[in-house]
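This report describes selected features of one protein model. The sequence and the structure are shown first, and the description follows.

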Amino acid sequence: MNDGFLSQEEIDALLKGGDTPSSPPATQAAQAELTDIEKDALGEIGNISMGSAATSLSILLGRRVSITTPKVSISTLEEIQNQYPLPYLVIEVGYTQGINGTNLLAVRENDSLIIADLMMGNDGTNPPGELSELYMSAVGEAMNQMMGSVATSMSTIFKKKIDISPPVVNLVDFATSKDISTMAAKSESVVRVAFRMEVENLIDSEIMQILPVDVAKEMVDSLMNVVQAESAAPPAPAKPAPQSAPAMAATAPQSQPAAAYAQQAAAAVAMAPKQAVASNVTVQPVQFAPLVQPSLTVGETNIGLLLDVPLQVTVELGRTRKLIREILELTPGAVIELDKLAGEPVDILANGKLIAKGEVVVIDENFGVRITDIISPLERAVNLQ
């Protein structure tokens, strides 16, 4: 309806008993479609951003991770559910700055179990049968790191700040669930970008990024604006190479009279910097004083200024390394094995730096340390490095 008047199409629809169309069908179809150039642009954006996400995931898992081969297509949430009737871990991420909207990242449950198993310190070959609360939290942290890397990459691509909200992670069975997300209606067109994800010899699967069409078009517009701005920028003018005075004189036109050419050459030579040549100067070989390391005594230094500076002295019985899974399993009465043998000297540290070794003694019901060895200055220097 325009200015209170019905169009002929709206009148025909009312006469036929149909509903008044909210927008022309051609406009709806155009909004739900992507051109080949837009698909290529989305694929390139996904390729760069997911490459950064793969790097973050590789650091977390300690394994080689590859996320490549983006395939862009138009679909609906209902079609995606029918095409992939499997349990998926759905990560919903909202954009808070730079882009308006939200997007989904769908990872198969089996792949999520392997990722969580690797994050818990296992080898990923025997993951549990279902995602527990602990494993769900681990995968959520991995997805948070991945999507943070994606936002950083997009900020670089679009040359503007892109920020996201904390991801919301849910386990959704596409075969039985009524809705995947409230991001879009089940029959509304969305953009699906499928990637191939490989984690060494453990995972060779597919993950999906699902975007509303308007969000996808906004990403394409941001990329096109950057490209147009760079192409419209005038190239920096090339500076001519400086020429020396003799070279400038040699480039005089041949048609110039000989007298005028000679005058210009003489003037150019006169303007050129001249080197002063010294004469009758006695030259003697240089002589250096012998290199002798001066010996400093305590009295010659300002060590007295530091004598009242307090230092934190710590006695370290031993150390060990534990996985997150092992720390979470600790209970009262558990024994932690250290890297020191029984009877081995303990380390004495000043402000965290090793200075001596000693043995533990008991003095009036208090622990003490008898120093048995002082670390040499050379050893201290090595420890500082």
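## Residue S66 and the basis of the model

S66 lies in strand β1, which spans residues 65–76; helices (H or I, at least four residues) and strands (E, at least two) are DSSP runs numbered from the N terminus. S66 is buried, because its relative accessible area is 18%, and buried means under 20%, exposed over 50% and partly exposed in between, with a 1.4 Å probe and protein chains only. Leaving aside neighbours within four places in sequence, S66 is in contact (heavy atoms within 4.5 Å) with R196, M197 and E198.

The model is predicted: local features need pLDDT of at least 70 and side-chain atom pairs count only at pLDDT 80 or more, while totals for chains, interfaces and linings use all residues. Residues are numbered from 1 along each chain as its sequence is written, and side-chain values use heavy atoms, with hydrogens and water left out.

## Nonpolar cores

A nonpolar core is a set of buried Ala, Val, Leu, Ile, Met, Phe, Trp, Tyr and Cys residues joined through side-chain atoms within 4.5 Å. The largest such core has 56 residues, and I67, I115, M143, F158, V191 and M219 have the most contacts inside it. Helix α6 gives the most to this core, with 12 residues.

Not counting residues up to four places away in sequence, I115 touches L57, L61, A142, M143, M197 and I203.

## The cavity

A search of the whole structure finds one cavity of 30 Å³ or more. On a 1 Å grid over the protein atoms alone, a cavity is a set of points where a 1.4 Å probe fits but cannot get out, and lining residues have an atom within 4 Å of a point. Grid points are joined across faces, edges and corners, and a volume is the space filled by probe spheres set on the points. The largest cavity holds about 60 Å³ of space.

Its lining includes Y95, V193 and M219. At least two lining residues come from each of α3 (36–61), α6 (133–158) and β7 (203–212), and α3 supplies the largest share, four residues. By class, the lining has eight nonpolar, three polar and no charged residues; Ala, Val, Leu, Ile, Met, Phe, Trp, Tyr, Cys and Pro count as nonpolar, Asp, Glu, Lys and Arg as charged, and the others, Gly among them, as polar.

Technical notes: On a 1 Å grid over the protein atoms alone, a cavity is a set of points where a 1.4 Å probe fits but cannot get out, and a pocket is an open set with protein on both sides within 12 Å along at least five of seven lines; lining residues have an atom within 4 Å of a point.
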